[in-house]
2 protein chains.
Amino acid sequence: MSKKDKKQIYKPRPISGFPEWLPEVRAVEQKMLDKIRAVYERYGYCNIETPSVEELEVIAAKGEDVDKEIYVLERLQAEPDDKKSARLALHFDQTVPFARYVAQHFSDLTFPFKRYQMQKVWRGERPQMGRMREFYQCDIDVINVDSLPISFDAEVAAICYEALEALEIGKVQLRISNRKILLGLLEDLSIQDSTEVLRAIDKLEKIGVEEVRKLLEKTDAKGFEDLIIKLSQIKVRSSKELKENLDTIKEEITAQTYIEGIEELQFVLNQLSHLPEHAVVADLSIVRGLDYYTGTVYETQLLDVPEFTGSVCSGGRYDDLAGNYINKKLPGVGISIGFSRLFDVLRQTGKIQPSAKSPAHVFMILPEEETRQRAAETARILRQRGYNVEQHHAPQKINKQLSQAEKKGIAYVWLPFADGHKVKNLQTGEQVDADPNSWEMDDE
Amino acid sequence: MSKKDKKQIYKPRPISGFPEWLPEVRAVEQKMLDKIRAVYERYGYCNIETPSVEELEVIAAKGEDVDKEIYVLERLQAEPDDKKSARLALHFDQTVPFARYVAQHFSDLTFPFKRYQMQKVWRGERPQMGRMREFYQCDIDVINVDSLPISFDAEVAAICYEALEALEIGKVQLRISNRKILLGLLEDLSIQDSTEVLRAIDKLEKIGVEEVRKLLEKTDAKGFEDLIIKLSQIKVRSSKELKENLDTIKEEITAQTYIEGIEELQFVLNQLSHLPEHAVVADLSIVRGLDYYTGTVYETQLLDVPEFTGSVCSGGRYDDLAGNYINKKLPGVGISIGFSRLFDVLRQTGKIQPSAKSPAHVFMILPEEETRQRAAETARILRQRGYNVEQHHAPQKINKQLSQAEKKGIAYVWLPFADGHKVKNLQTGEQVDADPNSWEMDDE
């Protein structure tokens with residue numbers, strides 16, 4: 001064989017940061033995404049999908065922090081008129097595209113606008129455990145023109161809890177705070193620059209009290225470290241306890257922001273009192289420091305998956321969604337499930353069982369060439385009755401076909417013998433006579 | 001107001017070639033995608049999803065024709081070690097990623113490997129009617145090691161038909177051929193170079209018989225134009241008619257390829273004889289000229305959507321899927337629905353009705369602040385019973401709330417009055433007493 005004839009093989013390898021699953025794992029992922037979607041729709045939120053790209057000018061409007069993570073598209077072979085059009089970049093979240101979408105389609109939307117969005121987003125950061133370059137986010141937001149009732153803050157929290165619950169990954173805990181409480185305290189203390197204080201508190205869980213105290217000493221809040229840390233350490237279950245704890249912080253705080261914050265958080269806690277005991281906690285260490293939130297803020301913990309550090313689902317209330325793109329005030333509240341990261345941790349810690357390799361309920365045996373029509377017709381009947389049926393196409397030995405069904409994890413094998421149909425349950429080994437027009441799968 | 005205070009508004013505009021829908025249109029798109037997925041799973045095909053990107057070296061392996069359509073990713077702010085890693089490009093179809101996937105995960109897959117894949121793909125071509133830069137493809141393929149039974153060619157055709165049928169867009173017609181028939185004839189005629197002949201026949205529908213004749217005159221087949229055109233114009237419904245028509249072409253064709261092609265096509269037609277009269281036609285003008293198909297080839301026409309020129313769904317049999325990436329022979333057969341193009345044509349020709357703006361079945365009125373808990377509790381009961389329920393959050397006048405439900409196209413309004421629940425059907429105007437624990441929606 002000459003060198004020229006020898007085929008060049010390019011052995012493919014995984015691309016770091018771009019996850020890809022085997023069918024039996026993808027099936028689990030797909031089912032989880034379906035469940036989240038079902039919960040989002042159960043609350044009447046509609047779906048939108050935005051293009052994977054935005055104009056670079058739109059996407060870079062948010063701030064310079066994320067700029068270094070942005071992927072820009074280039075044509076492999078650029079054409080002369082490419083330069084005339086705007087540069088396109090893959091979106092790195094769903095919030096910027098959502099804001100742009102609302103501004104662009106403002107007159108066609110009905111407000112309050114309740115939408116969910118479950119797409120892939122891309123960030124060109126260095127991949128590491130739990131950080132990916134391509135991942136799913138499952139976002140839900142409601143926005144309105146000018147003002148939005150506070151009870152939506154409770155609704156969004158309930159949806160988030162229910163969506164995570166639906167995934168059957170153990171106990172889920174919502175940690176809720178309201179930024180107005182800490183901001184109101186700072187206002188009361190006449191502390192001008194709150195940014196550095198929020199940043200310090202945001203690190204409480206990560207670096208501990210003593211380190212945060214050191215950070216606070218370097219801020220405008222110097223002298224009030226104890227007070228601020230004490231407030232941030234409040235972690236209670238009920239609105240009654242919240243008030244009791246806050247009353248011990250400092251006598252008579254009259255800042256309107258502070259009072260509002262407490263009232264809002266109490267209202268949200270009360271609205272969520274139907275959830276199980278472990279489900280909700282008011283945790284004043286939650287500030288979502290660097291974000292654009294203005295009131296309620298959420299994080300979520302998987303109590304039974306300690307390996308998942310950080311928040312699997314977070315969000316909050318914001319005053320103005322799309323100020324960069326439209327001259328309207330659009331306050332809203334929303335949360336985002338960092339789905340791919342969650343999924344990857346669950347997978348790596350053995351918390352999810354791979355599904356069968358086939359979505360089929362029934363594997364249709366082909367006993368011999370002469371039975372082909374009978375097998376096909378039987379499969380059609382079962383499919384019409386709602387069963388997923390995989391057919392075998394070559395008349396091999398039945399044991400070979402059976403082992404194929406077993407390998408694929410299919411529950412039932414159908415044997416369309418010329419002298420009568422039989423069905424074998426591969427789990428129990430039981431084999432019975434059956435009629436494709438009336439056969440029913442056992443409940444699992 | 002100083003210039004500095006004045007907010008800079010960046011008015012967003014649509015990006016050419018990247019479609020985006022309003023919620024009521026997206027809901028239809030989502031339902032259609034769900035239906036296609038359900039049909040694919042009904043036949044036991046499993047889902048896979050590959051990353052949106054491949055290494056440029058993998059993706060460009062297919063040929064230079066598509067190179068100019070490839071989008072390459074660049075980090076907006078490249079880092080020093082970026083150069084060390086491979087260049088990444090957005091996939092332009094799902095076949096190359098599928099081939100790479102199979103090669104990479106070969107030892108973890110069960111063969112015959114039946115998979116479907118429904119993702120967005122990107123092509124940086126000039127956008128025009130029906131051509132997009134970002135679009136959904138819905139692919140289904142089965143591959144096996146070394147050989148694959150011909151009955152899969154019939155299965156894949158049946159799936160394609162059923163998936164399009166499920167979309168309720170009128171009558172669908174599969175046009176099936178087998179390239180071996182034409183290739184066998186050319187072999188019989190001792191015509192060496194078949195490529196240009198196939199290219200010419202591929203244009204039959206577009207440019208007509210006379211132009212194709214002119215093209216054929218310039219090929220190795222010069223002198224046999226009539227024969228080749230006559231064969232290509234065969235369009236029959238049954239395997240019997242197929243044989244009868246072919247027998248009139250030329251006496252005694254003994255080329256093995258020719259005989260195989262006829263047998264295969266006859267087998268496929270026979271396997272599809274359960275489909276309605278209009279559903280299948282053997283059409284020997286179908287060659288899918290420039291592709292890598294080796295046997296059965298399909299195209300599909302929407303008989304009731306003449307505006308859709310070209311094939312909404314096409315595919316065929318190939319001898320070797322992943323030869324570029326693995327040293328195994330992997331023959332397969334598959335089809336691809338060009339979903340976004342189909343959807344866009346249906347939308348533009350008024351063939352699809354926008355859905356409601358909300359997925360909710362029930363709109364929960366908030367009659368007054370005092371009824372909030374009752375409304376929330378009622379919504380929870382209904383949700384647990386499987387209904388999608390949107391709640392109103394501010395105690396406005398009931399008529400205002402009703403008109404909100406109407407605007408969103410929600411079918412039922414629930415009035416949780418303190419002295420009893422009432423449900424109003426917004427279509428009929430009928431209002432009845434109801435119990436959230438037992439109420440049932442009318443069948444639509």
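Student: Are α7(A) and α8(A) roughly parallel or roughly antiparallel to each other?

Tutor: Helix α7 (residues 204-217) of chain A and helix α8 (residues 225-232) of chain A pack at about 160°, their axes 9 Å apart. Helices (H or I, at least four residues) and strands (E, at least two) are DSSP runs numbered from the N terminus; axes are lines fitted to C-alpha atoms, for helices over the stretch in contact, with angles from 0 to 180 degrees between N-to-C directions. Angles under 35 degrees count as roughly parallel, over 145 as roughly antiparallel, 65 to 115 as roughly perpendicular and the rest as oblique. The two helices are therefore roughly antiparallel.

Student: What kind of model is this?

Tutor: Residues are numbered from 1 along each chain as its sequence is written, while chains are lettered from A and ligands numbered from 1 in the order in which they are written. Local features need pLDDT of at least 70, side-chain atom pairs count only at pLDDT 80 or more, and totals for chains, interfaces and linings use all residues, as this is a predicted model.

Student: How many nonpolar, polar and charged residues has the contact of α7(A) with α8(A)?

Tutor: Residues of α7(A), including L204(A), V209(A) and L216(A), meet E225(A), I228(A), I229(A) and S232(A) in α8(A); contact here means C-beta atoms, placed from the backbone, within 7 Å. Ala, Val, Leu, Ile, Met, Phe, Trp, Tyr, Cys and Pro count as nonpolar, Asp, Glu, Lys and Arg as charged, and the others, Gly among them, as polar. By class, the contact has six nonpolar, one polar and three charged residues.

Student: In chain B, is the crossing of α1(B) and α4(B) left-handed or right-handed?

Tutor: Helix α1 (residues 23-42) of chain B and helix α4 (residues 151-166) of chain B have axes that come within 9 Å and cross at roughly 150°. Therefore α1(B) and α4(B) are roughly antiparallel. A crossing is left-handed if the near helix is turned anticlockwise from the far one by less than a right angle, and right-handed if clockwise. The way α1(B) passes α4(B) is right-handed.

Student: Which strands stand at the edges of the five-strand sheet in chain B?

Tutor: This open sheet has the order β14-β13-β15-β16-β17 (chain B), with mixed pairing; two strands pair if DSSP finds at least two bridges between them. Each edge strand has a single partner, so one side of each is left without a neighbour in the sheet: these are β14 (389-391) and β17 (431-433) of chain B.

Student: What is the bridge partner of M364(B) in β14(B)?

Tutor: Strand β13 (residues 362-364) of chain B pairs with β14(B) in the parallel sense over three bridges. In this pairing, the partner of M364(B) is Q391(B).

Student: Which helix of chain A gives the most to the side that touches chain B?

Tutor: The contact between the chains takes 75 residues from chain A and 75 residues from chain B. With six residues, the one that gives the most on the chain A side is helix α1 (residues 23-42).

Student: And which residue is the bridge partner of R75(A) in β3(B)?

Tutor: Strand β3 (residues 71-75) of chain A and strand β3 (residues 71-75) of chain B pair in the antiparallel sense over five bridges. Across these strands, R75(A) has as its partner Y71(B).

Methods. Two residues are in contact if their C-beta atoms, placed from the backbone, lie within 7 Å.
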